[in-house]
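Hello,

Here is the structure I promised to pass on. Could you open it alongside this note and read the two together?

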Amino acid sequence: MKNYLIIFLFVSGSIFSQNINKLKKQAIRDAKSVSEASVKKDVNTLLEYTHPKIYKKYGEEQLRNDIDQVFKTMTAQKIKIVSSKINKLTEIKKEKKEYRCLVKNTIKMDFNGRAITLKSSLFGFYDKKKEKWYFIESNKLLDDPETQKIFKNFETEIEIPQDEQIADN
């Protein structure tokens with residue numbers, strides 16, 4: 001009996017590890033899609049990875065218009081995203097019956113001829129039915145009242161760092 005218990009624990013631990021590895025790969029894949037879409041100004045892809053709660057609150061048309069407006073404002077102010085790179089996935093945790101993760105990224109921008117590097121992160125929520133991650137700029141979970149209204153009583157054990165701007169000389 002003792003041997004069966006040990007075998008069961010080993011097998012279930014192995015399956016859990018394989019599942020986490022699969023989730024990590026999917027999170028990196030999906031975060032890269034979001035990152036590339038930001039550089040390309042690909043509104044459709046950005047909408048595809050927008051969290052369903054945000055979609056429900058604002059609807060596709062308003063979200064599309066808001067994203068378009070952000071890109072137009074950036075162009076008018078001569079701000080360009082030069083590159084966006086996914087650095088690493090820091091951790092995955094199961095919280096509130098869902099998997100969540102934090103993906104750190106580095107965004108290089110041109111502010112009217114001045115190079116700026118932004119170290120930020122994306123907070124991911126996994127939809128197991130669709131086998132897909134949805135992302136939110138993690139700083140919005142900390143600082144944005146609108147996002148905090150949508151994600152009422154949001155709590156996580158995942159440490160969310162503040163964004164860091166670095167002016168390149």
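**What turned up**

The charged end of K57 sits over the ring of Y58, 5.8 Å from the ring centre. A charge counts as over a ring if NZ of Lys or CZ of Arg is within 6 Å of the ring centre and within 35 degrees of the ring normal. K132 does likewise with Y49, lying over its face at 5.0 Å from the ring centre.

Some background before the rest: this is a predicted model, where local features need pLDDT of at least 70 and side-chain atom pairs count only at pLDDT 80 or more, while totals for chains, interfaces and linings use all residues. Residues are numbered from 1 along each chain as its sequence is written, and side-chain values use heavy atoms, with hydrogens and water left out.

The chain has five helices and five strands, in the order α-α-α-β-β-β-β-α-α-β from the N terminus. Helices (H or I, at least four residues) and strands (E, at least two) are DSSP runs, numbered from the N terminus.

Do look at α3, residues 52–76. Just after α3, K78 has a positive phi of about 60°.

Within α3, I54, L63, I67, F71 and M74 are buried (under 20% relative accessible area, with exposed over 50% and partly exposed in between; 1.4 Å probe, protein chains only). Buried residues make up 36% of the 169 residues in the chain.

There are five aromatic pairs in the whole structure. Rings of Phe, Tyr and Trp (its six-membered ring) pair if their centres lie within 6.5 Å; planes under 30 degrees apart are stacked, over 60 edge-to-face and the rest tilted. Y126 and W133 have ring centres 5.0 Å apart and planes at 50°, so this pair is tilted. Y126 is buried at 12% relative accessible area, and W133 is buried at 0%. Elsewhere, F123, F125, F151 and F154 form one aromatic cluster.

Best wishes

Terms used
Expected span 1.5 Å × (residues − 1).
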